[in-house]
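Thank you for making time this morning.

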Amino acid sequence: MKYQVCILHIIFWLLFTVTCRAGELLPHRSADDLLINPAISGEGFTTEFLGESVTVPAIDRRSINAWVAGAALNMPAPSSRKIEPVAALYFWRRPDDSKIFYADVSLLYNSLFFAKNFADSDNFEWVVTFENFTVPLAQNEIIDGRDDEDQELIWGYIRPGFGVGYRTNVAPFHEDNMFAADFIIEPGYMYFGDSNTGAGFRDPQDTLELRTRLQVRMDAMTRNILSLPASGFIAGSDVVYGHRFNWEDWGINGNNDGSEGRNYASATAYAAVAGGLPFLSKRHRLIGRLNGGFGHQVDRFNHTPTTRLYGGINPVAEEYHTGYIPTLPAGAMLEFYPKRYAIAYGEYRYATTFFSFAHLYGGAAYLNAKRIKSAGVRREEALMPFIGARFTTGFLGDTRLVLDAAHNFGLKRKNNGHGGTQLVVSISGQF
């Protein structure tokens with residue numbers, strides 16, 4: 001036992017070596033008080049843990065540079081996607097209430113947003129955005145756990161944007177609590193490269209594209225020391241209309257799922273809420289989330305980040321800009337491009353220490369997934385219930401470690417029919 005205690009002391013010392021600062025005038029809080037009344041994101045304090053004095057410095061949440069790296073293990077694997085790695089940088093700047101900048105950067109995919117108030121206004125703003133998807137490898141869809149190799153090709157887009165909007169702070173008035181509505185015009189260019197498609201496949205055409213997007217974001221969430229939602233809610237929606245200038249039917253025999261895709265539209269919405277349990281301390285949290293959307297004449301090339309479903313890392317209202325992401329637990333990354341979907345997610349979270357949290361979650365997704373039928377590939381309404389468990393903790397230096405395991409009962413995999421399990425590990429930190 002004494003060796004186990006010693007190891008715990010070493011781990012805890014490593015955990016806070018980077019984040020400790022001497023001489024800071026910070027409030028002192030007991031470990032018991034931190035469990036009953038958890039610290040919020042960015043709050044600094046001193047405490048004792050395992051007999052050691054610990055200083056957690058305050059963080060300026062108006063200026064953040066962060067990174068995340070991880071991988072998902074799919075069992076059984078859908079096609080060749082046994083292991084799916086992920087890595088990205090995140091930047092957030094809100095030096096004052098008159099301007100904001102945030103960006104996800106992973107080189108092959110980047111999404112940037114900048115807004116600044118008009119000179120004579122406290123709330124109305126002009127907006128500049130940029131998004132690109134430029135993966136230099138042939139890609140295909142996964143249908144019932146199998147690669148659709150007949151439609152494998154290189155494709156991508158570059159999409160700047162500009163527009164106007166309205167933004168105002170909302171309670172509880174943390175740096176990321178605000179309401180914003182922005183109307184953005186997005187001229188872009190879509191391209192298609194070498195393909196490994198089957199016989200009779202007609203490649204899509206390179207084309208200029210013009211999209212309009214109405215983006216609404218409401219964030220009234222308080223987050224804890226590891227940026228996990230603690231109390232409050234978020235909500236929002238995205239409405240997109242797009243036109244391709246040079247477009248014809250594509251696909252096998254020119255049949256792209258029955259829609260031309262020259263003109264397309266989609267509408268999505270999301271909401272999440274976090275709170276406590278009656279008669280229990282704030283160690284116990286409940287989180288609920290809903291995502292839903294539908295599209296008209298959408299194909300896999302004009303899906304937006306709010307209409308394609310994600311697997312792997314599952315951020316549940318952790319940041320201002322991640323709440324809209326429709327995550328399907330245990331699904332492979334971008335396994336599904338549905339024309340309509342709804343996802344209901346519920347979670348119970350328990351604070352094991354002031355910097356470690358255990359999660360249990362479950363829910364279900366409804367979507368019209370592509371299925372392999374005797375008459376060929378057809379869309380079919382599918383119900384996909386899921387369960388999972390997660391552990392989130394402060395880790396070495398100033399990093400955060402997340403271990404996640406989920407099982408989805410509605411997935412189809414080529415090896416064993418229904419059901420798929422996914423293990424996810426991710427580490428994130430600031431720089």
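Let me begin with glutamate 149, which is exposed, with a relative accessible area of 52%, and since exposed here means over 50%, that value is what places glutamate 149 in the class. Please keep in mind throughout that this is a predicted model. Glutamate 149 sits in the loop between S9 and S10, and its C-alpha atom is separated by 9.8 Å from that of alanine 138, a residue 11 positions away along the chain.

Now to the chain as a whole, which has two helices and 22 strands. Its radius of gyration is 23 Å, close to the 22 Å that the globule rule gives for 431 residues, and it is therefore as compact as a globular protein of that length. Along the principal axes, the C-alpha atoms fill a box of roughly 70 × 60 × 40 Å. Of the 431 residues, 50% are buried, and of the contacts with a separation of 6 or more, 62% are between residues 24 or more positions apart. The exposed surface comes to about 19,000 Å², with carbon and sulfur atoms supplying 64% of it.

Let me turn to the charges. The chain carries 40 positive and 45 negative charges, and their mean positions are 4 Å apart. Side chains of opposite charge can pair when their charged atoms come close. How many salt bridges does a search of the whole structure find? The search gives 27, and I will take you through three of them.

Arginine 61 is buried, at a relative accessible area of 9%, whereas glutamate 175 is partly exposed, at 24%.

The next pair is arginine 62 with aspartate 97, with 3.5 Å between the closest N and O atoms. Because arginine 62 is in the loop between S2 and S3 and aspartate 97 in the loop between strand S4 (83–93) and strand S5 (99–105), the pair ties together parts 35 residues apart in sequence. Arginine 62 is partly exposed, at 26%, and aspartate 97 is partly exposed as well, at 39%.

Then there is arginine 371, whose side chain meets that of aspartate 144 in a salt bridge of 3.1 Å, N to O. Are arginine 371 and aspartate 144 buried or exposed? Both are buried.

Finally, some backbone details. A cis peptide bond joins methionine 75 and proline 76, with omega about -10°, and proline 76 is in the loop between S3 and S4. Another cis bond runs from alanine 171 to proline 172, with omega near 10°, and proline 172 is in the loop between S10 and S11. Leucine 107, although not a glycine, has a positive phi of about 70°; it lies in the loop between S5 and strand S6 (109–117) and is exposed, at 68%.

Notes:
Residues numbered from 1 in each chain as written. Predicted model: local features only at pLDDT ≥ 70, side-chain atom pairs only at ≥ 80, totals over all residues. Heavy atoms only, no water. Helix = DSSP H or I, 4+ residues; strand = E, 2+ residues; numbered from the N terminus. Rg over C-alpha atoms; globule rule 2.2 N^0.38 Å. Buried < 20%, exposed > 50% of the residue type's maximum accessible area, 1.4 Å probe, protein only. Contact = heavy atoms within 4.5 Å. Areas by Shrake-Rupley, 256 points an atom, 1.4 Å probe, with all protein chains shown as cover. Lys, Arg positive; Asp, Glu negative; His and termini not counted. Charge placed at Lys NZ, Arg CZ, Asp CG, Glu CD. Salt bridge = Lys/Arg side-chain N within 4 Å of Asp/Glu carboxyl O.
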